[in-house]
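Please find below a briefing on one structure. The points are grouped by topic.

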Amino acid sequence: MAVTAGAAWFAAMFALGFLLGPVRILLLEPRLGATGAVLVEAVPMLAAMWWLAPRVARLFAVPPDIGARLLMGGAGLALLVAAETVLAALLRGRGPGFWLERPRTPDGLVYLGLLAVFFLMPLLRRRA
């Protein structure tokens with residue numbers, strides 16, 4: 001149940017990111033720069049994580065214990081990293097090494113922080 005919930009957690013957040021990504025890249029980055037654009041995109045992403053995590057967990061009957069919630073977050077994160085890696089290869093011709101470049105830029109650090117929150121949110125919202 002936690003792994004299935006993690007897949008649903010991934011799908012919901014990936015869909016939102018897929019919708020917001022073009023807005024960030026095409027509209028926000030030219031005006032605000034990469035870091036500003038990622039920070040603006042982070043607001044609805046964090047709000048969605050906060051709202052969705054307990055609902056997905058409840059829908060899939062994930063118990064509030066630490067292990068189950070970390071499994072849900074970890075399964076979602078694994079799927080998200082895999083999807084991002086595939087999309088980077090297909091859309092930008094980048095290999096998996098781009099993950100090593102992420103911490104070298106402020107916008108990359110913000111993104112990695114969002115990934116950490118994505119992983120932990122099912123645990124953080126386990127009493128909601």
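**A bent helix and its partner**

Helix 1 has a kink of about 125 degrees, centred on Gly 33. This is a predicted model. The end C-alpha atoms of helix 1 are only 11 Å apart, although the helix has 58 residues. A straight helix would reach 86 Å at 1.5 Å a residue.

**Helix 1 against helix 4**

- The axes of helix 1 (residues 2-59) and helix 4 (residues 106-124) come within 10 Å.
- They cross at roughly 10 degrees.
- Angles under 35 degrees count as roughly parallel, and helix 1 and helix 4 are therefore roughly parallel to each other.
- On the helix 1 side, the contact residues include Trp 9, Phe 10, Met 13, Val 38, Leu 39, Leu 46 and Trp 50.
- On the helix 4 side, they include Pro 106, Asp 107, Val 110, Tyr 111, Leu 114 and Phe 118.
- The residues of this contact divide into 19 nonpolar, 1 polar and 1 charged.

**Aromatic pairs**

- The whole structure holds 3 aromatic pairs.
- One of them joins Trp 9 and Phe 118, with ring centres 4.9 Å apart.
- Their planes lie at 0 degrees, so the pair is stacked.
- Trp 9 lies in helix 1 and Phe 118 in helix 4, so the pair ties together parts that are 109 residues apart in sequence.

- Ala 61 sits in the loop between helix 1 and helix 2 (66-92).
- Ala 61 is not a glycine, yet has a positive phi of about 55 degrees.

Definitions and conventions
Residues are numbered from 1 along each chain as its sequence is written. This is a predicted model: local features need pLDDT of at least 70, side-chain atom pairs count only at pLDDT 80 or more; totals for chains, interfaces and linings use all residues. Side-chain values use heavy atoms; hydrogens and water are left out. Axes are lines fitted to C-alpha atoms, for helices over the stretch in contact, and angles run from 0 to 180 degrees between N-to-C directions. Helices (H or I, at least four residues) and strands (E, at least two) are DSSP runs, numbered from the N terminus. Angles under 35 degrees count as roughly parallel, over 145 as roughly antiparallel, 65 to 115 as roughly perpendicular and the rest as oblique. Contact means heavy atoms within 4.5 Å. Ala, Val, Leu, Ile, Met, Phe, Trp, Tyr, Cys and Pro count as nonpolar, Asp, Glu, Lys and Arg as charged, and the others, Gly among them, as polar. The expected span of a helix is 1.5 Å times one less than its number of residues. The bend at a residue is the angle between axes fitted to the seven residues ending there and the seven starting there. Rings of Phe, Tyr and Trp (its six-membered ring) pair if their centres lie within 6.5 Å; planes under 30 degrees apart count as stacked, over 60 as edge-to-face and the rest as tilted.
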